[in-house]
Amino acid sequence: MSNPPPKLDFIGADRIVELLTPSAAVEAIEDALRKGLDPGRDFTRSILDVDHGQLLLMPAQSPRSTGVKVATVAPDNPRLSKPRIQAVYILFDAETLTPRMLFDGTALTALRTPAVSIAGVKPALLASSSPLSVVIFGAGPQGIGHAATIADVVSDERTISTVTYVVRDPVRAERPGRRVVAANSTEAGEVVRAADVIVCATGSNTPVFESNGTKANVIVIAVGSHDSNRREVDSVLVNRAQVVVEDIDVAMREGGDVIMAMDESDFKTTDLISMSEVVNGTVALDPNRAVLFKSSGMSWEDVVIADAIASKL
């Protein structure tokens, strides 16, 4: 008689937030890279066009687990008051490949993407003790997640002076205590020029702000796309910044922000810095220069965070 299939524990959004803080998620990413995880050995993500968006299949493995995220990207969903990105995540035992847990993949992504971003720029974030002015393009889960992760990571060394969300429809994004301004407005230009950190978490295929006039040492994080022909930042920023990416080969395949800048300027592949080099201290970021972290999202990041959550159970 065959054994019954294992009962899967479902780890929902509230439980994910309860089990792993944003700063602990950053530490999990850093710890994996410091222990020798090589993003370049990650499985290639499959991106399939479907009628109303994209279907993403993201497999990965760690010493403890194998996992796969099935995610969807539906560009029209914000208009329907639904998330643009939704997902489920299945975690398997590494040796037996027995299913272990099922996660709310949307919440897992909302935690791991900011953790990766902040791990990639953390030395620059902590290079000063002055208050931080943060501007976030997009008020969806990724924008909110980045604000929470920045605040949690810098809390012992810096304060957050302001967080401003720049959106196309301020009325829809308004919440008590949240500062919201309209994209392309005078106010948006003013907060961008005063910003210490700018997060781009949008579905835009063109730059969402002009980088001329931003601070010399501004920190910019761009996470909104994984396509070679879409970008959220302009070539001017790419050329003046220290550009950090998850993996150089992935950036050259999916990082439209850097690919398009290379087509328009003298910026070269050899100018890119891998986040592993930053985390492991083999490359030191200059605190007086701008930093751009361009993320496309990689499968290894999900299994690292899923493992970190599972270890708390």
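Start by selecting Asn184: it is exposed, with a relative accessible area of 80% (exposed means over 50%, buried under 20% and partly exposed in between, using a 1.4 Å probe and protein chains only). Asn184 sits in the loop between strand S9 (179–182) and helix H6 (186–194). Helices here are DSSP runs of H or I with at least four residues, strands are runs of E with at least two, and both are numbered from the N terminus. Asn184 has a positive phi of about 70 degrees although it is not a glycine. Most residues other than glycine have a negative phi.

Before moving on, note that this is a predicted model, in which local features need pLDDT of at least 70 and side-chain atom pairs count only at pLDDT 80 or more, while totals for chains, interfaces and linings use all residues. Residues are numbered from 1 along each chain as its sequence is written, and side-chain values use heavy atoms, with hydrogens and water left out.

**Next stop: Ser81**

Now select Ser81, in the loop between strand S4 (65–73) and S5. Ser81 is not a glycine either, yet has a positive phi of about 60 degrees. Is Ser81 buried or exposed? Its relative accessibility is 64%, so Ser81 counts as exposed.

**Aromatic rings**

How many aromatic pairs does a search of the whole structure find? The search finds two. Rings of Phe, Tyr and Trp (its six-membered ring) pair if their centres lie within 6.5 Å; planes under 30 degrees apart count as stacked, over 60 as edge-to-face and the rest as tilted.

Show Tyr89 and Phe103 together: their pair is edge-to-face, with 6.3 Å centre to centre and 65 degrees between the planes. This pair links distant parts of the chain, as Tyr89 belongs to strand S5 (residues 85–93) and Phe103 to strand S6 (residues 99–104), 14 residues apart. Tyr89 and Phe103 are both buried.

Then show Phe137 and Phe209, a stacked pair at 5.7 Å centre to centre with 20 degrees between the planes. Phe137 is in strand S7 (residues 132–137) and Phe209 is in the loop between strand S10 (197–200) and strand S11 (219–222), so the pair ties together parts that are 72 residues apart in sequence. Phe137 and Phe209 are also buried.

One more ring: select Tyr165 and find Arg178 over its face, 4.9 Å from the ring centre. A charge sits over a ring if NZ of Lys or CZ of Arg is within 6 Å of the ring centre and within 35 degrees of the ring normal.

**Helices that cross**

Colour helix H3 (residues 105–125) and helix H4 (residues 141–154): their axes come within 9 Å and cross at roughly 45 degrees. That makes H3 oblique to H4. Axes are lines fitted to C-alpha atoms, for helices over the stretch in contact, and angles run from 0 to 180 degrees between N-to-C directions. Angles under 35 degrees count as roughly parallel, over 145 as roughly antiparallel, 65 to 115 as roughly perpendicular and the rest as oblique. Among the residues that meet are Ala110, Thr113 and Ile118 in H3, and Gly145, His146 and Ile150 in H4.

Pro22, Ser23 and Val26 in H2 meet Ala148, Thr149, Asp152 and Val153 in H4.

While you have helix H2 (residues 22–34) on screen, pick Glu30 within it. With 5% relative accessibility, Glu30 counts as buried. Leaving aside neighbours within four places in sequence, Glu30 is in contact (heavy atoms within 4.5 Å) with Ala119, Lys122 and Val279.

Follow the chain to Arg158, in the loop between H4 and strand S8 (160–167). Arg158 counts as buried at 8% relative accessibility. Not counting residues up to four places away in sequence, Arg158 touches several residues, including Ala124, Leu125 and Pro131.

Select Ala251 in helix H8. Ala251 is buried, with a relative accessible area of 3%. Beyond four places in sequence, Ala251 touches Val245, Val258, Ile259 and Leu272.

Finish with helix H9 (residues 256–264), where seven of the nine residues are buried, so H9 is largely enclosed by the rest of the structure. What covers these buried residues includes S11, helix H7 (235–240), strand S12 (242–245), helix H8 (248–254) and strand S14 (291–294).
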